[in-house]
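This report covers helix geometry and helix packing in one model.

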Amino acid sequence: MAESAIVSRHLRTLWGCPGTELGVVGWPATRRERAFASWHYWWQAHLLDVAVDAANRVPTPARRRRIGAIARAHRLRNITGWTNRYYDDMAWLAIALERAERTQELTTARRGLVALEQQLYDAWAPEIGGGIPWRVRSDFFNAPANGPAGIALLRLGRVERARQMADWLDATLRDPESGLILDGVHLPAGEIERPVFSYCQGVVLGLETELAVHTDDDRHVERVNRLLAAVEERMTTRLVITGGGGGDGGLFNGILARYLAVVALMLPGEGKRQQSDRRTAAAIVKASATAAWANRLEVEGEPLFGHDWSKPARLPGGTAGAGKFTAGGSVTASTVPERDLSVQLSGWMLMEAAYQVTAAGL
């Protein structure tokens, strides 16, 4: 039902081009949004990623066609190619395209995946101690770029670089007081930006879990244990992921849920600690999904998820108060955040994550 709601409310052909589909970024949509004058590269990358989830759950010709259509539309709407100036954006798209190729045999985007991999690999900055910047020629090196880039590069076979990125994140951005991952650092100045976002925790949990599988190095398991405990203590209430917003922030909690499912399904080891961590990660996903579903609105028989899964969703009252780009390149929330595609994608992502952990018997 979460999938159906996105398909019916948000998916549209791009500029009348056959074989394309892209997500309109608001519902109800402004004329500008319907024309894809605003489209938000990284939101569409997550649309592609969760479309892959759906095809993996129940493979159908329609779902496989949709994956190809979203990938084609992404390339067309980006106009200049597959890449852009933001390394976090490119990392999210690389993750989605790699999964689409590996699990659903999407071969038409191989050139794009190669280009994205090269951009992410070459952005590493050893002269200032590592990390990749948030965007081209920026002095800001952050978790939202390095976390997903590490996951993408690991899945593309660049295990050593992924390990370097995980080590850099742990050494540079882990807050020793809270145990959580901070936003980023300005280099070479060393000034740390201290906001704590749920998706930063998610991507580090995912990266460390997959490194534990690939390297058989216990330090990655230990980092997952430490970070998961901090997430449970500081980012959940009765195991429900707390907070949430709209605009770009609408995706944050869904991303955390996605990678908690990775911990639940993939964290290696049969010791008591690893078994407990897998159960805890699964329990957070399931409790969050239960809360989000209980607090949804039903609109024409389909769910509308709240931006905060612990509170009742609100119905957007038309197109007024749509989110906007800031000078820094981020997207603000709509006045009623539930109108944002990002918020609804998070709800769908959460439901797919809950399906994965329950289907595995967790």
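How many of the residues of H9 are buried?

## Basis

The model is predicted; local features need pLDDT of at least 70, side-chain atom pairs count only at pLDDT 80 or more, and totals for chains, interfaces and linings use all residues. Residues are numbered from 1 along each chain as its sequence is written, and side-chain values use heavy atoms, with hydrogens and water left out.

## Helix H9

Of the 18 residues in H9, 15 are buried (under 20% relative accessible area, 1.4 Å probe, protein chains only). H9 spans residues 198-215 and reaches 26 Å from first to last C-alpha, close to the 26 Å expected at 1.5 Å a residue (1.5 Å times one less than the number of residues). Aspartate 216, with a positive phi near 60°, follows H9.

## H5 and H7

The axes of H5 (residues 87-104) and H7 (residues 143-155) come within 8 Å and cross at roughly 30°. H5 is therefore roughly parallel to H7 (angles under 35 degrees).

Contact (heavy atoms within 4.5 Å) involves Trp92 and Ile95 among others in H5, and residues including Pro148 and Ile151 in H7. The residues of this contact divide into 11 nonpolar, no polar and five charged.

## H3 and H13

For H3 (residues 41-57) and H13 (residues 341-359), the axes come within 10 Å, with a crossing at roughly 30°. These two helices, H3 and H13, are therefore roughly parallel to each other. Residues of the contact include Trp43 and Leu47 of H3 and Leu345 and Trp348 of H13. By class, the H3 contact with H13 has 10 nonpolar, four polar and three charged residues.

Key: Helix = DSSP H or I, 4+ residues; strand = E, 2+ residues; numbered from the N terminus. Buried < 20%, exposed > 50% of the residue type's maximum accessible area, 1.4 Å probe, protein only. Axes fitted to C-alpha atoms, helices over the stretch in contact; angles between N-to-C directions. Parallel < 35°, antiparallel > 145°, perpendicular 65-115°, else oblique. Nonpolar A, V, L, I, M, F, W, Y, C, P; charged D, E, K, R; others polar.
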